[in-house]
Amino acid sequence: MRLVTFKFILGILLVITFLLLMDENSFLGVQFHEIAGLTICLFFILHIALSWKFIKETTCRLFGKAVGKARIQYILNLLLLIGFTLIIISGMAIAKTIDFSWVGFNTENTMIWRSMHTSVSMIVLIIVGIHTGLHWQWVMARIKRTKQEEIQ
Amino acid sequence: MIKKILCLALVIFIVVGAVYSYNKVDFGQKTAMLFRVVFGGDEGMRGAPGGGPPQGGPPPAMGGPWQSPSRPGFRPNMAQGPGPGYGPPREMRGGQQPPSKKLISLQNIIPYAFILVFFVLITRFVELIIRKEFSSKFSDWIIFPMA
């Protein structure tokens, strides 16, 4: 399997898993929510690693002559990174089926952790939508390419 | 022509679905929840119906005025028993969990999918407008003034 195709499938998996995680009681319950939440973290790191070339190049050009779209994408990616980090940390703090007490979260602030988990998830959902929209041409190109490869 | 009509119908379907989903999952409230807890204290709770701190004066059991259940800040006297309208249904009492009819339910996921697709659509729409407006001046999107 080519790296680009793998990246494309990984992206689709990320979006679908993220959608399934939006409601903790849907789709196999809380245990699935927590395990898949940790798995999506690995998917996310892999997604960043595969796009490392873009991140490196854009970081170098960010304060130089970069196209506006690339700048917006970069800022969105940064917000996504912060968002996912906050979701995972707050999720670990309020976990019910997996024990994260060894991390040493303050259990008195459950309300704040829970609010953070819900609010940031909603904001990240919006950013994921914008992120997908900005990469739509790439997504469509990949779909067309895959279809052509299937015909050949 | 048919393709255009289908596209328009799809766009309307997504927009209507997203607006309906926004209200259904209470998206705005959930998004603002953190800011309310962190910055607003219990200010946000005071505005909620039936919420807020109790008003001044002793409770009725201690000689205070009679409190209407519909009054903001009303707290029922639980020593007399919660009454027939309180708590979970009879069959679910005693620490039992509600029976799960469906193990795999995607019903609650669909509204979020609509909201996600709506933002993809909005982004595409804005991008196409920018491309159309600025295509004569720039090769790809606008270059920011700082560039």
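Visitor: How do α4(A) and α5(A) pass each other, left-handed or right-handed?
Guide: A crossing is called left-handed if the near helix is turned anticlockwise from the far one by less than a right angle, and right-handed if clockwise. Here α4(A) passes α5(A) in a left-handed crossing. Helices, by the way, are DSSP runs (H or I, at least four residues; strands are E, at least two), numbered from the N terminus. This is a predicted model, where local features need pLDDT of at least 70, side-chain atom pairs count only at pLDDT 80 or more, and totals for chains, interfaces and linings use all residues. Residues are numbered from 1 along each chain as its sequence is written, chains are lettered from A and ligands numbered from 1 in the order in which they are written, and side-chain values use heavy atoms, with hydrogens and water left out.

Visitor: At what angle do the axes of α4 and α5 of chain A cross?
Guide: Axes are lines fitted to C-alpha atoms, for helices over the stretch in contact, and angles run from 0 to 180 degrees between N-to-C directions. For α4 (residues 68-93) and α5 (residues 110-134) of chain A, the axes cross at roughly 150° and come within 9 Å. That makes α4(A) roughly antiparallel to α5(A); the cut-offs are under 35 degrees for roughly parallel, over 145 for roughly antiparallel, 65 to 115 for roughly perpendicular, and oblique for the rest. By class, their contact has 17 nonpolar, eight polar and one charged residues. Nonpolar covers Ala, Val, Leu, Ile, Met, Phe, Trp, Tyr, Cys and Pro, charged is Asp, Glu, Lys and Arg, and the others, Gly among them, are polar.

Visitor: Which residues of α1(A) and α5(A) meet?
Guide: Contact means heavy atoms within 4.5 Å. On the α1(A) side you'll find V15(A), F18(A) and L19(A), which meet S121(A), V124(A), L125(A) and V128(A) in α5(A). By class that's six nonpolar, one polar and no charged residues. The two axes come within 12 Å and cross at roughly 150°, so α1(A) and α5(A) are roughly antiparallel to each other. This crossing is left-handed.

Visitor: Which residues have the most contacts inside the largest nonpolar core?
Guide: In soluble globular proteins, nonpolar side chains tend to be buried together. A nonpolar core is a set of buried Ala, Val, Leu, Ile, Met, Phe, Trp, Tyr and Cys residues joined through side-chain atoms within 4.5 Å. Buried means under 20% relative accessible area, exposed over 50%, and partly exposed in between (1.4 Å probe, protein chains only). The largest core has 35 residues, and those with the most contacts inside it are F18(A), L80(A), F84(A), V124(A), L125(A), F27(B) and Y112(B). Helices supplying at least two residues each include α1 (3-20) of chain A and α4 (110-134) of chain B. The largest share, ten residues, comes from α5(A). Take F84(A): leaving aside residues up to four places away in sequence, F84(A) touches F18(A), I40(A), F44(A) and V124(A).

Visitor: And chain B: how many helices and strands are there?
Guide: Four helices and zero strands. Of the 147 residues of chain B, 17% count as buried.

Visitor: What is the phi of D26(B)?
Guide: Most residues other than glycine have a negative phi. D26(B) has a positive value, near 55°. D26(B) is in the loop between α1 (2-24) and α2 of chain B, and at 40% relative accessibility D26(B) counts as partly exposed.
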